[in-house]
Amino acid sequence: MGMRRWMLQRLAGLGSGSNRFELLHNQGEELLLPQWAELDLRLSERPWSVSRMSVLLQEAALQPSVVTLQAARQVRHRLSTFWLEAPTDHLEDLYQGPLGALQQELMQGPLMRQVLARDERQWLDQLTAALSQPDQKPRQANLLVAWMPYASAIGMTVVDPSHALPQWLLSDYVRFCDPGLEEELNRPMALLEPADPPQVEEITPLSNRRGEEAMAWFKDEAALSRVVALINQYGLNPADQDVLEELSGLRSVVAQLWLDVEPEQLKTLFDTPVGLVTQSLISSGFGQELVDDDDERARRELPGLMPDLSDPQAQAVLLALMLFYPSGAVTVEDPSVLPEWLGVVVESLQSAAG
């Protein structure tokens with residue numbers, strides 16, 4: 001039998017059954033369909049538009065009445081449920097657009113001075129409970145944006161908002177929910193002038209950008225967005241030399257801020273975006289990278305500046321030091337010598353590394 005005839009027989013299924021190939025359909029194991037796909041089959045609510053909701057809020061502001069305020073309550077709930085369902089990775093973009101402007105308009109209106117209805121209070125309680133649940137952590141920002149218009153109406157605030165809230169939401173939170181924080185967040189940072197203790201001055205400064213000049217970076221939303229983007233890019237491509245060099249420069253500035261801070265202002269500095277950037281840099285694993293000679297010098301010399309961790313100055317050096325070592329490489333044998341808040345921070349960073 002020639003090769004051609006043999007191939008034709010094989011493809012036509014003339015051989016034994018065990019050697020037959022089905023070229024059109026998959027005759028393998030049947031796919032079992034689930035009885036239920038767990039879909040929510042309720043029809044969606046009536047269509048709504050940002051412009052129409054804005055008109056309703058304006059009517060409530062210009063002519064507050066039972067009818068106009070009731071319409072504003074409906075707007076608030078519709079907006080709140082939208083934030084819960086919004087894609088988390090686009091939440092900041094959505095908030096910085098017309099929808100965020102609508103929320104700001106709502107929170108400046110007369111509805112914030114009205115008592116919550118019973119079902120509104122139940123809704124707030126649900127959101128508050130969800131915020132405290134560990135399994136809701138991935139959508140915490142969604143919950144916070146949905147929660148704010150109700151919480152501000154009764155004066156409910158967030159514990160440690162500088163850490164609990166994303167930076168893009170913090171200013172609106174302070175403005176509408178906790179105005180007393182504005183003075184603290186905008187406090188002049190004279191505390192960041194180069195520190196006097198000689199042990200810190202024994203090494204050459206890690207960065208020439210210090211004090212108010214350095215803090216300007218952390219008051220600029222565009223600059224902070226760039227920092228976040230750089231850290232994300234490092235996570236995606238740790239070999240990108242341009243990213244490594246930019247992050248190295250940023251790290252030196254952040255570390256120098258910790259070396260310059262007055263000991264009694266350590267927690268104050270940590271509650272600014274400097275604390276968040278510090279934690280993000282450490283958690284990203286960038287500490288394993290030594291990009292230039294200055295980085296190597298920092299890793300070599302900083303440990304000698306913190307002989308006694310009960311000293312607040314040494315605690316500031318600890319935060320600077322952790323920026324130049326791989327995640328989990330710096331441990332504290334006796335965390336009890338640290339202030340409670342710093343002990344929690346160090347423990348969380350070590351747990352993340354583990």
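Which residues on the other side of α17 are exposed?

Modeller: This is a predicted model, in which local features need pLDDT of at least 70 and side-chain atom pairs count only at pLDDT 80 or more, while totals for chains, interfaces and linings use all residues. Residues are numbered from 1 along each chain as its sequence is written, and side-chain values use heavy atoms, with hydrogens and water left out.

Helix α17 covers residues 293–301; helices (H or I, at least four residues) and strands (E, at least two) are DSSP runs, numbered from the N terminus. The buried residues of α17 are D295, R297 and A298. Seen down the axis of α17, these buried residues fall within an arc of 160°, so they line one face of the helix. The arc is that of the directions from the helix axis to the C-beta atoms. On the other side of α17, the exposed residues are D293 and R300. Here, buried means under 20% relative accessible area, exposed over 50%, and partly exposed in between (1.4 Å probe, protein chains only).

The buried residues of α17 have a partner: they pack against α14 (241–260), where contact means heavy atoms within 4.5 Å.

Finally, the N-terminal end of α17 is capped by D292. A side-chain oxygen of D292 lies 3.1 Å from the backbone nitrogen of D294. A polar contact is a pair of N or O atoms within 3.5 Å; within protein, one must be able to donate a hydrogen and the other to accept it, and residues adjacent in sequence count only if both atoms are side-chain atoms.
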